[in-house]
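Please keep the sequence and the model at hand while reading.

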Amino acid sequence: MAAAPKTITHEDILRNVRAGKIAPIYYLMGEEPYYIDKVSEFIVDELLKPEERDFNLDLVYGADVNVNQIIELCRAYPMMAERRVVLVREAQAVRSLDGLEQYLAHYTPTTVLIMCHKNGSFDKRKAVCKAIQQVGVLYENKRTPESQLPTFISNYARREKVQMEQQAVQMLADHVGSDLTRLAVEIDKLIMSLPAGQTRITADAVEELTGVSKEFNNFELQSALAHRDIFRANRIVQYYMSNPRSFAMSVTLSGIFTFFTDVMLAFYAPDRSENGIADWLGKPSWKVKYDILPACRNYSGVKVMQVLSEIRKTDGASKGVGGCKTPPGELLQELIFFILH
């Protein structure tokens, strides 16, 4: 049986373009627009100098063109440059791409076509999809899971030569959610607000910029649950109930569920040391040290299974399952009481 083709990541595309391995077409699609924008911008920056773009970069929008017009642009030759780039934004609005198959069979070698298809993807069973894969790059991404947001934030800040406190990272992830474009904007704001010579973003800075409390947030709630700190957990829940706009029930429940899932998995780690569990879970060692290991000591495996089941029930109730009309704050209060007792 033939091996399944390797999934192409945005890092693969950037690496190949840097190495001079240029494809005649890049079809970028998926649920997360951030990487689509970044990859398309990178390709344009790598292939065309600023002074070459007036004559060699065609930027069009899918709602304004049809496939024949796109092909006509691709057939043109570069002027005083090695390549031309045709960039189609909002490619999902192009009515039909079927005609693209014929072009790809005899594409113009000096043209690079970039199609940016956001908030979804097209049918991969179509012949045009196979044609794209044969001569070019078909890239599809998924919405970044909530659990991976802290890694994205830390890595983004690190690339900008800035460090972020762990609490600051989690506060920002909880506040913004999985919109990577907005997350990048918020991080940029934080970086720009740093005093001259300072390269560390603190929880205080995030609190000041976003209005998120550094004491009353999902990161602190999970920590309180891990340490079975009844007083601190109840203070946070009371804050949420008094400030209903300060939290989103779905995000809070998702975070708690992910945390206790990690605790359950930690019980089965072959190596129960801090580093062993970190490797087993794919989590940073600080998270294991400060939250997961204490939770493993404070909860039994049976209790953790019960907690996970209760979180699912609470999530259903918060969405009106069974005709439930209990306010989110009260549902959260009942769940936290169940977890801690």
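## Salt bridges

Arg83 and Glu82 join their side chains in a salt bridge, with N and O 3.5 Å apart, where a salt bridge is a side-chain nitrogen of Lys or Arg within 4 Å of a carboxyl oxygen of Asp or Glu. The model is predicted, so local features need pLDDT of at least 70 and side-chain atom pairs count only at pLDDT 80 or more, while totals for chains, interfaces and linings use all residues. Residues are numbered from 1 along each chain as its sequence is written, and side-chain values use heavy atoms, with hydrogens and water left out. Glu82 is exposed, because its relative accessible area is 59%; exposed means over 50%, buried under 20% and partly exposed in between, for a 1.4 Å probe and protein chains only.

By the salt-bridge rule the count comes to 14. One of them pairs Asp262 with Lys283, whose closest N and O atoms are 3.4 Å apart, and this pair links distant parts of the chain, with Asp262 in helix α13 and Lys283 in the loop between α14 (274-281) and α15 (285-298), 21 residues apart. Asp262 is buried, at a relative accessible area of 11%. In another, Lys319 meets Asp315 with the closest N and O atoms 3.1 Å apart; Lys319 is exposed at 62%, whereas Asp315 is partly exposed at 23%. Glu220, Asp229 and Arg232 are linked in a network of salt bridges.

## A buried asparagine

Asn56 lies in helix α3 (residues 53-56), helices being DSSP runs of H or I with at least four residues, numbered from the N terminus. Its relative accessibility is 0%, and therefore Asn56 counts as buried. A polar atom of the Asn56 side chain lies 2.9 Å from the backbone oxygen of Glu52, and the side chain of Asn56 also reaches the backbone nitrogen of Met79 at 2.7 Å. Leaving aside residues up to four places away in sequence, Asn56 touches Leu48, Pro78, Met79, Ala81, Arg83, Arg84 and Val85, contact meaning heavy atoms within 4.5 Å.

The buried residues of α12 are Ala233, Ile236, Val237 and Tyr240. They cover an arc of only 95 degrees around the axis, which puts them on the same side of α12; the arc is that of the directions from the helix axis to the C-beta atoms. These buried residues pack against α11 (218-226), α13 (249-266) and α17 (328-340), while the face turned away from the buried side carries the exposed residues Phe231 and Ser242.

Key. Helix = DSSP H or I, 4+ residues; strand = E, 2+ residues; numbered from the N terminus. Polar contact = N/O pair within 3.5 Å; in protein donor to acceptor, adjacent residues only side chain to side chain.
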